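Reader: Please walk me through this model, feature by feature. Start with the fold, then the core.

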Amino acid sequence: MLFRSIFDDGDEVRKAIINAVKELSGTFGLGIMFDDIPNKLFAVRNVSPIVCCQNEDGAYIASDIMAIGEYSEKYFVLPEFSIAEISADSIEITDFNGNAIEPDYLTLDWDIKNSGKTEGEIETGDTTIIRDFVDVRDVVRAYHMLLTEGTPGEIYNICSGNAY
């Protein structure tokens, strides 16, 4: 709704996205579509990741390489406060001043398609579960106590059952 209200004021799409993003606070990774701009997806981010890749079948974005790594071994992380204009056959990136950005492509160096699907045994240590607190409210009380009575610079151990 924020993008639409700014876009309806007659702004060009990228300018509307920039103006809308200036109204946001905190971290975000957004994929933006407009009804009247078919076959285009726009993406912008602040801190939260957006990874992009492309192959002969199209272009893809996600918040994690695990989601799109099977489509291409080459991918890039969208730079913060830049806008990606994505269509089936291209990904164009510009900064907020309209300057074109060449992405820094990375290459997957492992077979993501078989990730987590290996056969055989996995050795683990002691997997016994020991609960230090009976209830999450006890954890919250412990954090509150640290905030109100803790000494800055000290290390406190909550919930692990080990003294490090």
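**Fold, core and one buried threonine**

Author: The protein chain has 4 helices and 8 strands. Helices (H or I, at least four residues) and strands (E, at least two) are DSSP runs, numbered from the N terminus. This is a predicted model: local features need pLDDT of at least 70, side-chain atom pairs count only at pLDDT 80 or more, and totals for chains, interfaces and linings use all residues. Residues are numbered from 1 along each chain as its sequence is written, and side-chain values use heavy atoms, with hydrogens and water left out.

Reader: In what order do the elements of the protein chain run from the N terminus on?

Author: The order is α-α-β-β-β-β-α-β-β-β-β-α.

Reader: How do I read a nonpolar core?

Author: In soluble globular proteins, nonpolar side chains tend to be buried together. A nonpolar core is a set of buried Ala, Val, Leu, Ile, Met, Phe, Trp, Tyr and Cys residues joined through side-chain atoms within 4.5 Å. Buried means under 20% relative accessible area, exposed over 50%, partly exposed in between (1.4 Å probe, protein chains only). Here the largest core has 11 residues, including Val-13, Phe-28 and Ile-83.

Reader: Which element gives the most to this core?

Author: H2, with 4 residues.

Reader: Is Thr-94 buried or exposed?

Author: Thr-94 is buried, at a relative accessible area of 12%. Thr-94 lies in strand E7 (residues 90–95).

Reader: Which side chain does the side chain of Thr-94 join in a polar contact?

Author: A polar contact is a pair of N or O atoms within 3.5 Å; within protein, one must be able to donate a hydrogen and the other to accept it, and residues adjacent in sequence count only if both atoms are side-chain atoms. The partner is Arg-14, at 2.6 Å.
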